[in-house]
Amino acid sequence: MSDHFHPETLIATAGVSADAGHNSVAPPLHLSANYYWNDPCEKPQYDYARSGNPTRAQLEEALASLEGAAKGVITSSGMAAIDLVLNLVDPGDLVIAPHDCYGGTHRLLTARQKRGHFDVAWVNQTDPVALEAAFARKPKLVLIETPSNPLLRITDIGLVVAYAKKCGAITVADNTFLSPVLQRPLDLGCDIVLHSTTKFINGHSDVVGGAVLAKDAALGEELAWWANCTGVTGAPFDSFMTLRGLRTIFPRIERQQATARDVVDALVKDDRVECVFFPGLESHPGHEIAKAQQKGFGSMFSVEFAEGVDVLELLRALNIFTIAESLGGFESLVCVPSAMTHAAMTPEARATAGISDRLVRFSIGLEHSADLTQDIFAALEQASSGEKTVAYFPGRAASKCA
Ligand code: PLP
């Protein structure tokens, strides 16, 4: 399929009617672990599924076309994608990472640093002075996560790239929160973009996966070499499911972000809400940068509730939102990062990152905005009343205790 088509068309047609063997319209799922050779001297295109697999290749190509990459690697998880990229640095090299990144990323970098694999400089990447000081240390690789998880801080990708280019550092953007529908970091000068495809890319909360996509073919080949060497490539079935989920990403994201905006607009007016972290709000410090580098503001936001609100009680009292750690699916999810997604960080690291115990993160799905808003306000009423809730199923069908 030609690259001059719109991305919606590329995704709707990826791998469609390409099966010469049986003329199947939907791309077939190839589960075979290995592939036969016609002759011991003629290596086939695919020989062993860790190294390459037709189903995984279709997802790789579809994602690479969406992100504007030359070459992609599909990994078994988002963490595997981040770890894959870390093969590009050597002991003694410096990695710059956001001080408020996803807790699992923080844990991985901290653990590898402790083993002496590389050094890490944790930086508030929204602070140009801190960025300049960090780049003076000549990093080998810089990891950007924008909007950040869970505070939705916006990093100026172009600014980081400019610093990185001066010292020859590799720039890697974790684009999980927005997807290529809303942001294309490679167009802004990054060398690599990665995803937890578990989130918006698959969008159906039934696959854990990741992707690493490189602007430059040689860098992509180097990453593919490491992926085969370390065995972090994704399973064919997961790729099949993820490509299936990816086909609806444009309408999903459009609808989810419109709903998130409605819910945010209702929440900002309430006295029990201290702060809503949503880059779509003009009061958000990263609003102008987000407007310039993103095509939309997404469907993730976090809320810092006022002192009188028991946030754990609030979660228990919600009926439509499910208490869960992931994000980006068709269903609305809610979490308290300090107790869940970011529990792996030390309390000190969370305090430095600004993640308080009263912070609640929302991932908005495909439900109706009026129902979601009503659900939050009903739960807020309960969480501010001092009454206790019994949740029959966590996050669902809650009733008041006497
Ligand atoms: N990057 C971000 C921004 C995430 O939020 C997550 C998971 O929540 C990951 C990476 C890790 O992805 P996975 O859970 O697929 O390993």
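Mentor: Happy to! One definition before we start: helices (H or I, at least four residues) and strands (E, at least two) are DSSP runs, and they are numbered from the N terminus. Keep in mind, too, that this is a predicted model.

The protein chain has 13 helices and 14 strands. Its radius of gyration is 22 Å, close to the 21 Å that the globule rule gives for 402 residues, so the chain is as compact as a globular protein of that length. Along the principal axes, the C-alpha atoms fill a box of roughly 75 × 55 × 40 Å.

Now to the ligand. The space it takes is the second largest pocket, and 14 residues surround it. The closest of these are Met-79, Asp-174, Ser-196, Thr-198 and Lys-199. Sorted by class, the shell has four nonpolar, seven polar and three charged residues. Its largest share, three residues, comes from helix 3, which spans residues 78-85.

Next, look at individual atoms. At Asn-149 the side chain takes part, with an N or O atom 3.1 Å from a ligand oxygen. For Asp-174, a polar side-chain atom lies 2.7 Å from a nitrogen atom of the ligand. On its own the ligand has 390 Å² of accessible area, and the protein covers 92% of it.

Pro-150 is placed in the loop between strand 4 and helix 6. Another cis peptide bond joins Thr-146 and Pro-147, with omega about -5°. Pro-147 lies in the loop that runs between strand 4 (141-145) and helix 6 (157-167). Leu-152, also found between strand 4 and helix 6, is not a glycine, yet it has a positive phi of about 55°. As background, most peptide bonds are trans, and most residues other than glycine have a negative phi.

You can find Ser-17 in the loop between helix 1 (7-13) and helix 2 (54-67).

Terms used
Residues are numbered from 1 along each chain as its sequence is written. This is a predicted model: local features need pLDDT of at least 70, side-chain atom pairs count only at pLDDT 80 or more; totals for chains, interfaces and linings use all residues. Side-chain values use heavy atoms; hydrogens and water are left out. A residue is near a molecule or strand if one of its heavy atoms lies within 4 Å of it. A polar contact is a pair of N or O atoms within 3.5 Å; within protein, one must be able to donate a hydrogen and the other to accept it, and residues adjacent in sequence count only if both atoms are side-chain atoms. Accessible areas come from the Shrake-Rupley method with a 1.4 Å probe; for residues, only the protein chains shown count as cover. On a 1 Å grid over the protein atoms alone, a cavity is a set of points where a 1.4 Å probe fits but cannot get out, and a pocket is an open set with protein on both sides within 12 Å along at least five of seven lines; lining residues have an atom within 4 Å of a point. A molecule sits in a cavity or pocket if more than half of its atoms lie within 2 Å of its grid points. Ala, Val, Leu, Ile, Met, Phe, Trp, Tyr, Cys and Pro count as nonpolar, Asp, Glu, Lys and Arg as charged, and the others, Gly among them, as polar. The radius of gyration is taken over C-alpha atoms; the globule rule is 2.2 Å times the number of residues to the power 0.38.
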